[in-house]
Amino acid sequence: MSKKGFDKNSIVGLVLIGAILLITTYFTQPSEEELKAQAQQAKQEKAKQEQVDKKSSGDQASKDQEEKAPITVTALDSNETQKLDSLKSLKSYNEFGNFADKSTGVNENFIIENEKIKVTISNKGGRVSTVELKEFHTYDSLPLMLFHEDSSKFNIELTVNDDANGTKVVNTESLFFETKNKSFKVEGDNSKSFSMKLYYGSKDKYLEYKYTLKGNSYLVDFELISVGFDDVVSRGFDYYLNWSMFTPNQEKTIPNQQQKSTIYYKYNNGDIDYIFETKYEGDELISPVDWIMFKQQYFNTTLIATDAPFTKGAASEEQGQFDIETIELAENQTTNYVQGMSTYLTIPYLGKKDETFAMQYYFGPNRHEDLEAVAVGLDQSLDYGWGIFGWVNLYLIRPIFNVINGFGLSIGLVILLLTIIIKSLLFPITWKTYLSSAKMKVLKPEIEELKKKNGSDKMKQQQATMALYRQTGVNPMAGCIPMLIQMPILFALFRFFPATFDLRQKSFLWAEDLSTYDSIYDLGFNIPMYGDHISLFTLMMAVSMIFYTKANSQMTQGMGGDAGGAMASQMKMMTYLMPVMMLFFFNSYAAGLSFYYLIANVITIAQQFIIRKWIVDEDKLHAKIQANKTKKKKKKGGFGAKLEKRMKDAQELQAQRKKK
């Protein structure tokens, strides 16, 4: 079987296996006489077992009645009293109180869906057991599930009064809810609700889970409604929620998903916080929270308190519990899941007869416009970088990307056009940097002369060099400042592409998915820090970087004196070291990012060639610099004057030390 489905050989193999099973079943089936004999024997065995079970139950019930005090069940009706006649009913009542008759039942699943999501609700626990995002699929072309029933949990602990004037803790995950509603599908602007109730002994006391789904939405309204619970829930106790899941494997590699999966949460005062992606740890909430997000690489499940916030949970660190926690899976444990996430929250209960706590679920992609539309700050979970890098992405890179992407072009062409626009915006900085280096280059012969004239006196050499810069109007820092200006953009783009949902499962040229690495050859073995494959975009990017660093070394040839020699030596080393480092670092990164840096390097090399060939004439530049020497000297001031004064003071101090 291939990753994308069944190939021809797989289909033929399955047909052959099916034929063999049918033939084997036909020839090995028992005769009619053998079937009658088996049925008669089974009937006799069943009768014997019923007699044994009946005797055993009677003996055990008598023994328990002798050892335990009688239990008062006056609050129950006659039907419920009959249920408590058996040992099983007695145990259920001791554990669940008036919820005892809800501790047994038949599992049923109900489906509510719209154009975007398919939500399965289980009558056991009344919870959302699975969610499928209908618009998307996994890397292996399977239905995309946010979580599964057997690897997730949604349980509310109820502290209820018992008949002995004490309390008992009842977990809703162990009880069966009732409903008269049926599965439904809603579309467009319509909405529909699905309700499940957990009764407490009578029909006028119950806990209700109400789910409301609108068409074409990733949101599900969720209301926790308690009716007649003022004398059911013990005074001073809230509802304690334990919500957890193991997130399924959805993308090409688990390590890349682990680097982007964690828990985000928003405090009621507006601050967003999270557990660092590369750590597995527990943490305590310091104040009420408005929402908790279980974030995966490209999707998330978020529980939002829409009216009053959630408060600190009932978790106990001494018992190994935290309010929020990310859980690491062992490497050999499974390849189906990425990591575990868990939270303990408190849903406030005011002790009223009837109360409602309103919440919402968000089941959807980590796509900026979808998260922003919820209007509760979910979009702040997108990791575009901190500080200025995040601002550059939000207010410059992303708007340009959205405009280009809105034309419906291939995502590869979108990245190409984005790169051209960004490099065009940075062209004045590139020109300014090159011009500064060219000025330094034409002054190099004069700086070499000063070096010979001053010999080994470093202080005089520096003073003479600064005087030359001042006479010619050359600022040695002019090339550094433009480079510092463009650094935020370069680093911002490094964070932009991995966080951009639009690259997911989008192909370009040989890359089938630009959100992950493009493998043109699988090595069959793993190279530490490199991987088990060869990424062609990364390889091409590394080669382009060799030419890029060589072009930069030509720009820095004019750095005079010892600084020039040191700079040239460093640039020569970086010409070969940097591409190798990038080759290792980017080999398992998103192919879209490597493609961007490849195009950016090529454009930069072309820009430098154009500047050198047609824009900057070094002969004219040298003549202009020499002409500056003949101009009337202006009064020194600012940074240059302060620097020269400090150099003179240092020189005088050095001379005084030599005299001593």
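Predicted model: local features only at pLDDT ≥ 70, side-chain atom pairs only at ≥ 80, totals over all residues.
**View 1. The largest cavity.** The cavity count at 30 Å³ or more comes to two, and the largest has about 100 Å³ of space. Around it sit K260, E277, K295, Q297, Y298, N366, L382, D383, P498 and A499. Sort that lining by class and you get four nonpolar, two polar and four charged residues.

**View 2. The second largest pocket, seen around its centre.** Now for an open site: the second largest pocket takes up about 1,000 Å³. It has 46 lining residues, and E251, K252, T253, I254 and Y517 are the ones closest to the centre. By class, the lining comes out as 19 nonpolar, 18 polar and nine charged residues.

**View 3. Which elements supply the lining of the second largest pocket?** At least two residues each come from β4 (143–147), α5 (254–258), β21 (519–527), β22 (531–535) and α14 (561–586). Strand β21 gives the most, with four residues.

**View 4. Helix α8 against helix α15.** Two packed helices are described by the angle between their axes and the distance between the axes. Here, α8 (residues 411–425) and α15 (residues 591–615) have axes that come within 9 Å and cross at roughly 40 degrees. The pair is therefore oblique, and the crossing is right-handed.

**View 5. The residues where α8 and α15 touch.** On the α8 side, the contact is made by G412, I415, L416, T419, I420, I422, K423 and S424. Facing them from α15 are G592, F595, Y596, I599, A600, I603, T604 and Q607. What classes of residue make up this contact? Nine are nonpolar, six are polar and one is charged.

Notes. Residues numbered from 1 in each chain as written. Heavy atoms only, no water. Axes fitted to C-alpha atoms, helices over the stretch in contact; angles between N-to-C directions. Parallel < 35°, antiparallel > 145°, perpendicular 65-115°, else oblique. Left-handed = near helix turned anticlockwise from the far one by under 90°. Contact = heavy atoms within 4.5 Å. Nonpolar A, V, L, I, M, F, W, Y, C, P; charged D, E, K, R; others polar. 1 Å grid on protein atoms, 1.4 Å probe; cavity = no way out; pocket = protein on both sides within 12 Å on 5 of 7 lines; lining within 4 Å. Points joined across faces, edges and corners; volume = space filled by probe spheres on them.
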